[in-house]
Each structure stands twice: as C-alpha cells, then as structure tokens.
Amino acid sequence: MSRSKRPADLGHRAQVGSRAEAKRLRARTDATLRQHERDRVVAERQRKAAQRSEELAAADERDGRVSWTLPEAGLVLAVMMASLLATDAIIGSSVMESVPAASRAVVRSAILAVFYGIQLLTLGFLAARRNVGLRAAFGLQQRRVGLSAGLVTAGLVTLVLLVTRAVATSWGWAARAAGWTPPDVGDLMTVFGGGGAGFALAAITVVVLGPLAEELAFRGVVLRAAGARWGQWPATVGTAALFAAYHMTAWTAVPLFALGIALGWLAWTRRSLWAAILVHALYNGTVVAAAYWLAA
C-alpha cells in the first residue's frame, strides 16, 4: 500500500499549477489585447479612408467632377498599356517597311493619334456611364477665376516647369557622367520625319494629344481614385511611379517620376487639371523643340 502524499508536496504542485495557469491566462490576455489593437488600427484606417473619400466626393461635387473608383482606374491603366503595346508592335513591325518612305511619318503619326484616341474614348465611355460629358467629368469647363488666383496658377505653372526641367537636365548630366549613353535624339525625327512637317506632326501628337490624354488618365482618374482611398501623397507618389513606368524608358524614369509628382501636386492643390495639362504640354514642347533644333 503506497504512502499518502505529504501536505508539502500537494502545496508545491498546486503552486506550480497556479503559476502555469496564470502564465497561460496572461498569454491569452496579451493575445486578445493585441488583436483588439489590430482591430482598432484597421477600423481607424477604414474610418480615415471613408472620411477622405467623403471629403473628396464632396469637393468633386462642388467642382462638378466625377469621383472615380479604383476599378475604373484599373480599367483605364489596362487600356492604356494594351493600346501602348499594340501601337509599339505595329510601328515596329515589318508592315511599316511596306509603307512608302515618304508616307511613313504620316502613317506613324496617325497610328499614335489612334492610340491617344482609344484612351480618350475609354475616358469618354466611363464618363457616359456616369451620365456626364467628358469635360464635365473632369471639371474642364471654362470657369471664371479671379486675377489673383490666375496669377498664382501662372506662377506655379512656371515654377513647376522650371524645376522639372532642371531635374531632367541634372539627371542627364549625372547619367552621362556615369557613362550612361542617352537615347538618340533622332528618334522623334524617325517617327515624325524632319523639317517643318515633321515638327508639326510631333507637336500635335506629343505636345497636344499626349498631355491631354495622359493627364485625364493619370491625374484625372488614377490620382483621384487612389487619393480617395489612401490620401494625397501616397496617391501622388504611386501615380507618379505608374506614370514613369508607363513610358517604358529607363533613361527618362527619374525625370518623369519627378514630373509626375509635380503634376500630381499641381492638380491636387489647384483643383483643376488645366494647370497640369499646360505644364505637361510645355515640358514635352521643350523636348520636341530641342530635338528639332539640334537636328537642324
């Protein structure tokens, strides 16, 4: 017959069991508190996102613009990339070789015009789904502005253009110093042809159509949709990165990213796309003018 357990042993085991149970209880409590904190953080983020979305929607309603959604922004980007790849494939295909040399520049320009036309039609389709016109959807109607507001916008346009061109020039110097050879400036002449006719085709396509379509897409749809979800600066930086990647040229990635940030800031602070469109057009215009001037 075994001996009965001593009272000291029973007390020791009870004490050990109590410590283990207390440790498990603390662990469960800590896990619960951590989960509550995560839930609180997620709820706070959702609340702020909803507040941003409501504030942006109210501002858009005052300005007569559409509040775009992330799926709509995704559709715009998908159409832009698909049409860009198709355009590059057509222009670089052997089919272009069968076109008479004298007509190739015009044909290439027409293909690029169709490319931008597809983008504008996509934006128009999305606007029509909201039962508004393209100009109204992006707040492009002519509005009266005071003299002071006009002067401020003109000053900001000039400042942004000078800063972004300075960034592009500095990047060019730094890249050349590092031994990175820039693309041939003759690319524009290859696509549009030389002389006054080539310059006119390049100006219409690169200085007018390009900035208009790209600003409506990137700053008009993508920036607004992302801004409603994540706020101004995350949306501005993300849109600028997409804008730089969209052009698929490593040499221009850094200056285009800087340009995208500046255009996003300008579009957001001026509550209009016209200033961003103007800066984009002037930025491209300096590139076109420099290319044809150097080739003269």
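Me: In which helix does A258 lie?

Reply: Helices here are DSSP runs (H or I, at least four residues; strands are E, at least two), numbered from the N terminus. This is a predicted model, where local features need pLDDT of at least 70, side-chain atom pairs count only at pLDDT 80 or more, and totals for chains, interfaces and linings use all residues. Residues are numbered from 1 along each chain as its sequence is written, and side-chain values use heavy atoms, with hydrogens and water left out. A258 sits in helix α9.

Me: What is the accessibility class of A258?

Reply: The classes are buried (under 20% relative accessible area), exposed (over 50%) and partly exposed in between, with a 1.4 Å probe and protein chains only. A258 has a relative accessible area of 23%. That value makes A258 partly exposed.

Me: Which residues does A258 touch, not counting those up to four places away in sequence?

Reply: Contact means heavy atoms within 4.5 Å. A241 is 17 residues from A258 in sequence, with the C-alpha atoms 9.1 Å apart. Residues up to four places away in sequence are not counted, and A258 then touches T164 and V167.

Me: Which helices are included in what covers the buried residues of α5?

Reply: The buried residues of α5 include T164, A168 and G172. What covers the buried residues of α5 includes α9 (253–270) and α10 (274–295).

Me: How far does α5 reach from its first C-alpha to its last?

Reply: Helix α5 spans residues 147–177, which is 31 residues. The expected span is 1.5 Å times one less than the number of residues. For α5 the expected figure is 45 Å, and the model comes close to it, at 45 Å.

Me: Which residue just after α5 takes a positive phi?

Reply: The phi angle there is about 90°. The residue is G179.

Me: Is A168 buried or exposed?

Reply: A168 belongs to helix α5. It touches P255 and Y283, leaving aside neighbours within four places in sequence. The C-alpha of T252, 84 residues away along the chain, is 8.0 Å from that of A168. With 15% relative accessibility, A168 counts as buried.

Me: What is the angle class of α7 and α9?

Reply: Axes are lines fitted to C-alpha atoms, for helices over the stretch in contact, and angles run from 0 to 180 degrees between N-to-C directions. Under 35 degrees counts as roughly parallel, over 145 as roughly antiparallel, 65 to 115 as roughly perpendicular and the rest as oblique. Helix α7 (residues 195–230) packs against α9 at about 70°, the axes being 11 Å apart. So α7 and α9 are roughly perpendicular.

Me: How many charged residues does the contact of α7 with α9 have?

Reply: Among the residues in contact are E215, R219 and L223 of α7, and L263 and W268 of α9. Ala, Val, Leu, Ile, Met, Phe, Trp, Tyr, Cys and Pro count as nonpolar, Asp, Glu, Lys and Arg as charged, and the others, Gly among them, as polar. The contact has four nonpolar and three polar residues, and the charged ones number three.

Me: How far apart are the closest N and O atoms of R219 and E215?

Reply: R219 and E215 both lie in helix α7, four residues apart, about one turn. Both are buried. A salt bridge puts a side-chain nitrogen of Lys or Arg within 4 Å of a carboxyl oxygen of Asp or Glu. R219 and E215 form one, with closest N and O atoms at 2.7 Å.
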